[in-house]
Amino acid sequence: MATTTRVYVARLAGLAVFDPNGDQVGRVRDAVARVTSQPPRVVGIVAEMPMRRRIFLPIGRVTSIDNESVMLNTGTLNLRRFEKRPGEMLVLEELLDRRVTIVDRDKPATVVDVAMEPDRNGEWKLSRLAVREVTGRLTRRGQVHQVEWDEVQGLLTPVAEQGTESLLAVLEKMRPADLAHALQEMPDPRRNEVAKALDDERLADVIAELPEQDQVEIIALLDRERAADVLEEMDPDDAADLLAELPQVEQQVLLDLMEPDESASVRALMIYAEGTAGSVMTSEPVVLTPDATVAEALARVREPQVSPAVAAQVFVARAPMATPTGRYLGMVHFQRLLREPPAAMLGGIVDNDIDPLEPETTLADITRRMATYNLVAMPVVDAGDRLVGAVTVDDLLDHLLPEDWRERHG
């Protein structure tokens, strides 16, 4: 194997995996080791393929590892979903942040990385550990030591709580949907530890990508004040969907704990019948007045918190701009904004020849109309011609796909 002689597993996470033809087959998510030998022998890696399917790649199929990628010696892969066997462990999931004791110092420490390297027979084993001393002082980080596998105790003993700092560093660059899938692959106790350790904004993004049952379980883990903070960070339509899965008493408690302006938009969405435009729309599309300029519109859709589907068009309405707005006038697509002078006013380029949706419009009708006009979002107006929200293609798909499409084995 043409590779470095020692590889730290946390640095492998996220690396692209290529076949001999140079085609990417997935990304590394973890390494699998067999604990029946000491130190454990690495038997393969877990790679995540498109559509978030995780498969097992035997270590013998790996020809090289470097800082940029992992190369395989074959393009023929076993696409069966990875399942851990008895006597195996996932290195990152089960060892990072584990509390251990450095034997010769008799000091507690936590694992921050694990190295694997080949022995004389070419078999890869977990050889060394990077561990950080536990100081007991919040303001001081302990010293990091490089130690051999047998120089620490507690690596393979059951633990009540593992910690999350090093694992979160590995997961930091994942997209919310990929991180949500990674959480689904973890045992429930480990999933719950990681979820609670995420900050409110990141946790809100991840919860929105989880199946409903997992959403409810994670929200139930949090104290009510924090649960309300997380709901405030979620898009109102996602928060409304989650609250709809909770008992009415719990719904009311959490809504009352939210900031009034945040809860108001969620309450407004919860009044609509399931399976209608009102129940799936976002109440926070990009809305500007007709005297706003193209430059202003482009600045708004460039804001990082605006999702691609929402940023694909700007809705034009009379003041006020918060939904429900003044009279709805039409919309301007992103491509049209790119073609017009920056100083041009939106009122002069607005497109109003497509009838908006009503809150009661069914999902089937929305699908037909969006497909007919090749749209990624459509406005929703009430009986008074006020814009109350917009249905985006991502939210529409979320409700049209089978209920279990987010499940780990769905």
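This is a predicted model: local features need pLDDT of at least 70, side-chain atom pairs count only at pLDDT 80 or more; totals for chains, interfaces and linings use all residues.
Contact is taken here to mean heavy atoms within 4.5 Å, and on that basis the buried residues of helix H10 pack against helix H8 (224–233), helix H9 (236–244) and helix H11 (260–269).

**Nonpolar cores**

- The largest nonpolar core comprises 99 residues, and those with the most contacts inside it are Met-116, Leu-126, Leu-129 and Val-391.
- When neighbours within four places in sequence are left aside, Val-391 is in contact with Ala-277, Val-280, Met-281, Leu-357, Ile-366, Met-370, Val-376, Ala-377, Met-378, Val-380 and Leu-396.
- In soluble globular proteins, nonpolar side chains tend to be buried together.

- Within H10, which spans residues 248–257, the buried residues include Gln-251, Leu-254 and Leu-255. Because these residues cover an arc of only 100° around the axis, they lie on the same side of H10.
- An α-helix has 3.6 residues a turn, so residues three or four places apart point the same way.
- The exposed residues Val-249 and Asp-256 are carried on the face of H10 that is turned away from its buried side.
- The axes of H8 and H10 are 8 Å apart, and the two helices pack at an angle of about 75°. Since angles of 65 to 115 degrees count as roughly perpendicular, H8 and H10 are therefore described as roughly perpendicular to each other.
- On the H8 side of this contact stand Arg-224, Glu-225, Ala-227, Ala-228, Leu-231 and Glu-232, which meet Glu-250, Val-253, Leu-254 and Leu-257 in H10. The residues of the contact of H8 with H10 divide into 6 nonpolar and 4 charged, with no polar residue.

**A buried residue in a loop**

- Val-286 is located in the loop that runs between helix H12 (277–280) and strand S14 (287–288). With a relative accessible area of 2%, Val-286 falls under the 20% limit and is therefore counted as buried.
- Although Val-286 and Val-314 are 28 residues apart along the chain, their C-alpha atoms are separated by 5.3 Å.
- Not counting residues up to four places away in sequence, Val-286 touches Arg-300, Val-306, Val-310, Gln-313, Val-314 and Phe-315.

**Cis peptide bonds**

- The loop between strand S15 (313–317) and strand S16 (328–333) contains Pro-320, and the peptide bond from Ala-319 to Pro-320 is cis, with omega near 5°.
- Pro-324 also lies in the loop between S15 and S16, and the peptide bond from Thr-323 to Pro-324 is cis, with omega near -5°.

- Asp-97, which is not a glycine, has a positive phi of about 70°; Asp-97 is found in the loop between helix H2 (91–95) and strand S9 (99–102), and its relative accessibility of 5% makes it count as buried.
- Asn-374 is likewise a residue other than glycine with a positive phi, here near 55°; Asn-374 is found in the loop between helix H16 (363–373) and strand S17 (377–381), and Asn-374 is exposed, with a relative accessible area of 69%.

Key. Residues are numbered from 1 along each chain as its sequence is written. Side-chain values use heavy atoms; hydrogens and water are left out. A nonpolar core is a set of buried Ala, Val, Leu, Ile, Met, Phe, Trp, Tyr and Cys residues joined through side-chain atoms within 4.5 Å. Buried means under 20% relative accessible area, exposed over 50%, partly exposed in between (1.4 Å probe, protein chains only). Helices (H or I, at least four residues) and strands (E, at least two) are DSSP runs, numbered from the N terminus. The arc is that of the directions from the helix axis to the C-beta atoms. Axes are lines fitted to C-alpha atoms, for helices over the stretch in contact, and angles run from 0 to 180 degrees between N-to-C directions. Angles under 35 degrees count as roughly parallel, over 145 as roughly antiparallel, 65 to 115 as roughly perpendicular and the rest as oblique. Ala, Val, Leu, Ile, Met, Phe, Trp, Tyr, Cys and Pro count as nonpolar, Asp, Glu, Lys and Arg as charged, and the others, Gly among them, as polar.
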